[in-house]
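This report covers salt bridges in a predicted model. Please have the sequence and structure open while reading.

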Amino acid sequence: MRTRHMSTVTHLALLCLGLASLAVAQTPDASAPSPIQERRLTLEQKSPDAAPAGIPRGYAVVIGVSTYPNLDASRQLKYAESDARAVYRSLISKEAGAFPAENVHMLLGAQATLANITFELETWLPGQATESDRVVVYFAGHGFVERGRAYFAPYDVEPGRLGATGYSMTTMGDVMARRVKARWKVLLADACHSAKINAETTSEALDQQFSSLPQNFLTLTSTTEREASHEDAALSTGFGLFTYFLTQAFVGTADNDPCDGRITADELIEYVRANVRRYAKDRGLSQTPTPRGDYDPDMLLGVSSTCMNRDSSVAPPLVGTAVVEVNLDEVDLYIDDRLIGRLSKDKPLRVPGLSVGPHEFRAVRSGYEPDVKTILIAPGQDVAVTLRIRYARTIRRSALDLGAQGERILSSLRSSMNPANILPIARKQSEADLLRARALFEQALAEEPAYSVAAYHLGEVNQLLGDYPASLKALRRAIDSDRGYVEARTQYAAVLTETGDTEQAIRELTEALRLEPDNDDLHAMMARAFFDRGSWKQAIDESDTAIALNESNAMAQLWRADALRQLGAVEKDASLRTAYFVQAREGFRSFLNLTNFESSRISLLAFHFIGHGIGSRRHADREEAYKGLRTAGYSGLCITEARVGHLQRARDYCERALRYDEDNAITRFLLANVNRDLYNSFGSCAYLIAAARQYARMVDLNPDLQESKNAKNYLEQITALAPKAGCLL
């Protein structure tokens, strides 16, 4: 695993171009400005509600629970949570389910409480899906029966109170059948495990309960009557049989009748049934996935790039199995550029369900040259694949020297942002240095095309220069040269996010987290991507994970605070709304403490404040980076203090924000609104005059903003009101 050398705030620059993060959501409704006498001001746009009817979208809730705190060791599961992650990856993959990532909510382990499951299934999902949509609910964990009623087992299920602490299967059926208004609905359940919770829970009893669910949606369970659902540590990296072949079906292997790029319900069911039965039978077991319900056999469940250009009259592809062995530990296996998992030399990996034909197998370990082989998979056969990593990766001395010179330039630029000496570098000189660094990295790559570190730094330099296509190309090159280069993957996702492709950024980050699940920078960057998608709760969850791993992650603190602020803006309950704003306020304070260049802590972080989009999209400017961070934090405090009724504090924070960026139109607008509300509260002409000046300045700075329409309206009201109030403008 590559040693991490980037600070937890390396990517902060991607977060706040001036007030980019705040301006998106703090604006009032420009179509209906409130009168000047009205104190209340809405600073946020509302979070997106259900999608407009008629536009087909996909929504999913994915639940996985392996470890139950209230069950004994014999009843714990091994792979339910990793199975759920695999389904999540399949659903959001553009080559499989193609669901927007923000539309797939995942509850794993301790997150999968009864309360959270209830909210996602009974509030969020019915509130989003419309008649033209497709909906998937996946559950991996225990199921049980008590007094003739079946339940899914949440994380906090209690054996002595099963009826009160389980999620009712009847309720699930009602939600899917009546409350979720989607054209295509699928329930995928892997809940019939052999480790039963109580005596009444038998495979027959659970099967009967599944059979009694409403018939107007597809239910696909992992077993049939009298069977248990099995897990196998030797199946790829460890899977439940049902989920493994389900994910193989989603990535395209099921697309065979016809082979046309569309994975239909019938294709998925037939593939999963046949392969699970065969795999189980070969091991002396019995397991048959079972479909139920009156569903459309042509229901679209996924897409497959494999068959999009294939003649559908050709016979459908068969499948075979690869048995992969490697000669070193900690080797990452990719098949057809898809990460399968990590291997060890003493444990061959079985990968069944591969379509017949040639596949590229790539063994990767940082510091070594990869071993790449193209292997022909035969129908119904086990094909041995031996991958040998033998050669340490070496880079020519001349290329290393060129890369080192380029890195010294970057290091010099970074260190110029010293907390003891915050002086801006001349912008022209800064850009000239970056151009010199770029030339050095390009020369290094000309000598050593696989020099991943040089490609990574070239991506950084191009990003700082505002050449985003070149930045993405260089970072992709770094990843292709070293698939385990998590820093390059993180930066690649960061540039994708900065350029607006947050959907692909989330996919990239999801894959990177498979390599380093405890990387707080990855979770923080994921929070930012979800924030940009308008998924406040998912942004908070990812931020919480990052902060739990590293409480000094300033990026996570910022996005958590801003997401909480967004939730407060749409919360109808007054006490909850205030609680959201109070939490957001504390988050902004934490963020400001972490980005205070006068503190000792930031001295360790300042090395990495090198633009990345802060302050200017055309130039790297250390002073602008610092200003952008402070403006974002103080503006966030201005907003949250105003929303909890502390107008004087809000005014002070907005004024502090303007000290760092006096030409920020949104901050001017915020300050004008606060002064307006202070006038409404105290009637002082000073506040009214201040509001008028800020509105006028805001319009001068950017008359085309949506907020400028409100500002002009407020100015007209103030102009008419001032003489009556005895105020001289």
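## A pair within one helix

Asp652 and Arg656 join their side chains in a salt bridge, at 3.0 Å from N to O. Both residues sit in helix 20 (residues 647-660). They are 4 residues apart, so about one helical turn separates them.

How accessible are the two partners? Asp652 is partly exposed, because its relative accessibility is 28% and the band for that label runs between 20% and 50%. Arg656 is also partly exposed, with a relative accessible area of 28%.

## Pairs across the sequence

Arg283 forms a salt bridge with Asp232; their closest N and O atoms lie 3.9 Å apart. Arg283 is in the loop between helix 8 (265-281) and strand 12 (290-292), while Asp232 belongs to strand 9 (residues 231-232), so the pair ties together parts 51 residues apart in sequence. Arg283 is partly exposed, at 32% relative accessibility. Asp232 counts as buried because its relative accessibility is 16%, under the 20% cut-off.

Arg396 forms a salt bridge with Glu448, with 3.6 Å between the closest N and O atoms. This pair links distant parts of the chain, 52 residues apart. Arg396 lies in the loop between strand 20 (382-387) and helix 9 (397-415). Glu448 lies in the loop between helix 10 (427-447) and helix 11 (452-464). Glu448 is buried, at 14% relative accessibility.

## Network and total

Which residues are linked in a network of salt bridges? The members are Glu102, Glu503, Arg507 and Arg533. Across the whole structure, the search finds 29 salt bridges.

Conventions
Residues numbered from 1 in each chain as written. Predicted model: local features only at pLDDT ≥ 70, side-chain atom pairs only at ≥ 80, totals over all residues. Heavy atoms only, no water. Salt bridge = Lys/Arg side-chain N within 4 Å of Asp/Glu carboxyl O. Helix = DSSP H or I, 4+ residues; strand = E, 2+ residues; numbered from the N terminus. Buried < 20%, exposed > 50% of the residue type's maximum accessible area, 1.4 Å probe, protein only.
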